[in-house]
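Let's take a walk through this protein together. Keep the picture open and follow along from stop to stop.

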Amino acid sequence: MPDSAQYDVVIIGSGPGGYVAGIRAGQLGLKTALVEKDNKFGGTCLHVGCIPTKALLMNAEVYDYFKNSNEFGINCKDYSVDWAVVQERKNRIVTKGAKGVEFLLKKNKVETIQGYGTIAGPGRVSVKDSKGQSREIKAKNIVLATGSEAKMIPGLEPDPTTILTNKEILSLKEIPKSMVIIGAGAVGVEFASIFHRFGTTVTVIEMLPHAVPLEDEEISTELEKSFRKQGIVMHFGAKVQKVSKTAKGVSVEFTGSDNKAQMIEAETVLVAVGRAPNTQNVGLEKTHAKLERGFVKTNPFMLTDEPGVYAIGDIVANSPLLAHVGEMEGVVAVTHAAGKPVEPINYNQVPNCTYCEPEVASVGLTEKKAREAGHKIKVGKFPFSANTKASILGVREGQVKMVCDEKYGEILGVHMIGPRVTEMIAEAVAAMHLEGTAMDLAHTIHAHPTLTEAVHEAAHAVEDWSIHI
Ligand SMILES: Cc1cc2nc3c(=O)[nH]c(=O)nc-3n(C[C@H](O)[C@H](O)[C@H](O)COP(=O)(O)OP(=O)(O)OC[C@H]3O[C@@H](n4cnc5c(N)ncnc54)[C@H](O)[C@@H]3O)c2cc1C
């Protein structure tokens, strides 16, 4: 049944891309509707991604402090994990976030519609509610923000206890004794860090030669060294051949880098081999929008090849699958739809953060990529072992590495591993956004004692005048 309402913008999907686009559209005075198929707002990020994982990582960190309390002169003998309370705390944080999103949408006069949205034709969105009733709404602009789902190994089906994706693993009723994690990207290493610290025996199997393979090789190697020291077993250049359910859990057969067949048995297996975009069954075939390996191609203003249809977030081709990228793409799309000036995203200046222990964060070109791109470079490094705040925190590992243009010192990339680096990367992003040089950072006063002094010192190192090493 056609609905007479005509919106300036209809957004399909309420993840960080969609809900931020909604809020910004409301702020810009656009008559906006947000269509969400689930009965909660916030998408993957809030419910089964960024937020619950970071909540669990926080619990693991607190547990670590108890384990190492003697180092701080605190004798703590009787402590244990109450998994139900850990889960409750995580759920409370997620619920608070979802309520916050709902409040912000209301505050900015975004109309929310529950149902499955599809593009019905130019300027038309069809919404099917949970009772199967369909209605059509008119939109001058449509923003597709339908996000992504975990990729599965062909033939495998996730279940609540044994074969897990990022969804099932977050609702486990107890801490498993053992876990095989297939994939050493951000999702894989974060869950490895969580469960290893809670006492699970963790084995990671990765097809590529390194963990977090998009990071600077030196940083990946340092993470692998740290994981091995902690007791996480890792196999690289390894190919999973078969995953089978057994009486006690699962068996995972794989060939190692030496091509020899191996088998591991565990209670659980986490499949973390990447994400597939939700671009099927959303009506894209009724538009001129083009796809690339399932992802939607857009121009720098997030507009697809169909006039008035934008795509943002995890479904966008050649754009990293990160919440903060989706958010910015949402802002760019609706600002463009409102006819207001807006700067396209510079994808070379996107911070990448992996919240494992130790944390990894980066922006811009790796040393290898900078050389491959033909830059003549100079590199400055500073280890956290020489940073006093890191000593106060009880941390000895990690470093900040800065890759700069040799002639003018322009910062091309910054790569960090160590304590709180996911907070510290913002400085490097801002410096790069302002086309800053190592010298600019070297002359920026950094408070003492802080971890950020390691960034200061890496900038000094680029110019060959490290002070504290
Ligand atoms: C375990 C894990 C940890 C992560 N941690 C981080 C992190 O720390 N930092 C970070 O930046 N990124 C992280 N990510 C990635 C981040 O979650 C995604 O990049 C982000 O959620 C993408 O946002 P989105 O708006 O594109 O889509 P999503 O968040 O996937 O939301 C899409 C929404 O659209 C709805 N939807 C889909 N189809 C329809 C339809 N046809 N009609 C109506 N509604 C529909 C879905 O129900 C969902 O609510 C993590 C991901 C995972 C899996």
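Predicted model: local features only at pLDDT ≥ 70, side-chain atom pairs only at ≥ 80, totals over all residues.

A polar backbone atom of Lys37 is 3.1 Å from a nitrogen atom of the ligand, and a backbone N or O atom of Pro16 is found 3.4 Å from one of the ligand's oxygen atoms.

Now take in the surroundings of the ligand. There are 38 residues around the ligand, and those that come nearest are Glu36, Thr44, Lys54, Gly117 and Asp314. Which helix gives the most to this shell? The answer is helix 2, with four residues. Several other elements supply at least two residues each, among them helix 1 (16–27), strand 2 (32–36), helix 3 (50–67), strand 4 (116–121), helix 5 (186–197) and helix 7.

Glu329 does have a polar partner, though: its side chain is joined to that of Ser319 by a polar contact of 2.6 Å. Setting aside residues within four places in sequence, Glu329 is in contact with Met302, Ile312, Gly313, Val316, Ser319, Ile345 and Tyr347.

Is Ile345 buried or exposed? Its relative accessibility is 18%, so Ile345 counts as buried. Beyond its sequence neighbours up to four places away, Ile345 touches Val325, Met328, Glu329 and Val332. Ile345 and Ser319 are 26 residues apart in sequence, and their C-alpha atoms are 9.9 Å apart in space.

Our next stop is Ser178, in strand 9 (residues 178–182). Ser178 has a relative accessible area of 17%, which means that this residue is buried. A polar atom of its side chain lies 2.9 Å from the backbone nitrogen of Glu267. With neighbours within four places in sequence left out, the contacts of Ser178 are Thr200, Thr201, Ala266, Glu267 and Thr268.

For a contrast, look at Gln133, in the loop between strand 5 (124–128) and strand 6 (134–144). Gln133 counts as exposed because its relative accessibility is 53%. Apart from residues within four places in sequence, Gln133 is in contact with Val127 and Lys128.

We finish at helix 12, which runs over residues 453–462. How many of its 10 residues are buried? The count is 10 of 10, including Glu453, His456 and Val462. These buried residues pack against strand 22 (377–383), strand 23 (399–405), strand 24 (411–418), helix 10 (421–433) and helix 11 (438–442). After helix 12 comes Asp464, with a positive phi near 65°.

Note on methods
Residues numbered from 1 in each chain as written. Heavy atoms only, no water. Polar contact = N/O pair within 3.5 Å; in protein donor to acceptor, adjacent residues only side chain to side chain. Contact = heavy atoms within 4.5 Å. Near = heavy atom within 4 Å. Buried < 20%, exposed > 50% of the residue type's maximum accessible area, 1.4 Å probe, protein only.
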